[in-house]
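Hello,

Here is the structure we talked about passing on. Please open it alongside this note; what I found follows below.

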Amino acid sequence: EIHYVAARGIRHPVKLGDKTYFATALTDASLQSLDMWIRSKYVERAIELIKKAPPEDKEIAYRVATQEASSLGWKTGFGQQLMGTIEGVAQLLWEGVRENHPDVTVEELRKLLMDGDAVREANSAFRTLNMKEKEPTKGKAQTPKRSRSRKNKRT
């Protein structure tokens, strides 16, 4: 099981090609920004489909799309799918590095993330700064418990 915990105040180096960025843990504001980005991407994609719909259906389709988008976030199904793309990793990385590198753009990071090693580096930094594995239960090793009920013995 994974818990999200922010390692506040830590700057973690992220080497992408010949450039090194320093990422920090995501803040509540950056998590909200990711949610808003997911929602806007959903509506953006829906609009492309709505453009092809018959004129009488466009208004209701747009209303439904914006209503659906309001319940989305970066940890929801659509959000997780989008976060698994280069575009999503770039957005996530940008949220982590923009405090230390205010001039960097998402587009710049996206280009650098076209290399698989760079994606692994970015994901590793995110996990280091924002997540921790649930600690195993301390004490005796877990062994299967025996049933306390008596078994019927036939003779």
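This is a predicted model: local features need pLDDT of at least 70, side-chain atom pairs count only at pLDDT 80 or more; totals for chains, interfaces and linings use all residues.

**Phe78 and its surroundings**

Leaving aside residues up to four places away in sequence, Phe78 touches Ile38, Tyr42, Arg45 and Leu72. Phe78 itself sits in helix α3, residues 77-83. Is it buried or exposed? Phe78 counts as buried, because its relative accessibility is 18% and the cut-off for buried is under 20%. Look also at Phe78 and Arg39. They are 39 residues apart in sequence, yet their C-alpha atoms are 9.3 Å apart in space.

The average pLDDT of the protein is 83. A score of at least 70 is reached by 79% of the residues. Which elements have the lowest and the highest mean pLDDT? Strand β1 (residues 2-4) has the lowest, at 44. Helix α5 (residues 106-112) has the highest, at 95. Over residues 1-5, pLDDT stays under 50. For that stretch the model has 19 contacts beyond four places in sequence.

**Overall layout**

There are 6 helices and 4 strands in the protein. Along the sequence, their pattern is β-β-β-α-α-α-α-α-α-β. The protein has 155 residues, and 32% of them are buried. Take the contacts between residues at least 6 apart in sequence: 66% of these join residues at least 24 apart.

**Helix α1 against α2**

Start with helix α1 (residues 28-50) and helix α2 (residues 55-69). Their axes come within 9 Å and cross at roughly 160 degrees. Angles over 145 degrees count as roughly antiparallel, so α1 is roughly antiparallel to α2. The crossing of this pair is right-handed.

Which residues make the contact? From α1 they are Arg39, Tyr42, Val43, Ala46, Ile47 and Ile50. From α2 they are Lys58, Ala61, Tyr62, Ala65, Thr66, Glu68 and Ala69. By class, this contact has 9 nonpolar, 1 polar and 3 charged residues. Two names here came up earlier. Tyr42 is in this contact and also touches Phe78. Arg39 is in this contact too, and its C-alpha is 9.3 Å from that of Phe78.

**Helix α1 against α4**

Helix α1 also packs with helix α4 (residues 86-97), at an angle of about 150 degrees. The axes of this pair are 10 Å apart. That angle makes α1 roughly antiparallel to α4. This crossing is right-handed as well.

On the α1 side, the contact is made by Ser30, Ser33, Leu34, Trp37, Lys41 and Arg45. On the α4 side, Glu87, Gly88, Gln91, Leu92 and Glu95 take part. How many residues of each class does this contact have? There are 3 nonpolar, 4 polar and 4 charged residues.

**His12**

One more residue to look at. His12 lies in strand β2, residues 12-16. His12 is buried, with a relative accessible area of 18%. Setting aside residues up to four places away in sequence, what does His12 touch? The residues are Tyr21, Phe22, Ala23, Ala125, Thr128 and Leu129.

Best wishes

Terms used
Residues are numbered from 1 along each chain as its sequence is written. Side-chain values use heavy atoms; hydrogens and water are left out. Axes are lines fitted to C-alpha atoms, for helices over the stretch in contact, and angles run from 0 to 180 degrees between N-to-C directions. Helices (H or I, at least four residues) and strands (E, at least two) are DSSP runs, numbered from the N terminus. Angles under 35 degrees count as roughly parallel, over 145 as roughly antiparallel, 65 to 115 as roughly perpendicular and the rest as oblique. A crossing is left-handed if the near helix is turned anticlockwise from the far one by less than a right angle, and right-handed if clockwise. Contact means heavy atoms within 4.5 Å. Ala, Val, Leu, Ile, Met, Phe, Trp, Tyr, Cys and Pro count as nonpolar, Asp, Glu, Lys and Arg as charged, and the others, Gly among them, as polar. pLDDT is the predictor's confidence in each residue, from 0 to 100. Buried means under 20% relative accessible area, exposed over 50%, partly exposed in between (1.4 Å probe, protein chains only).
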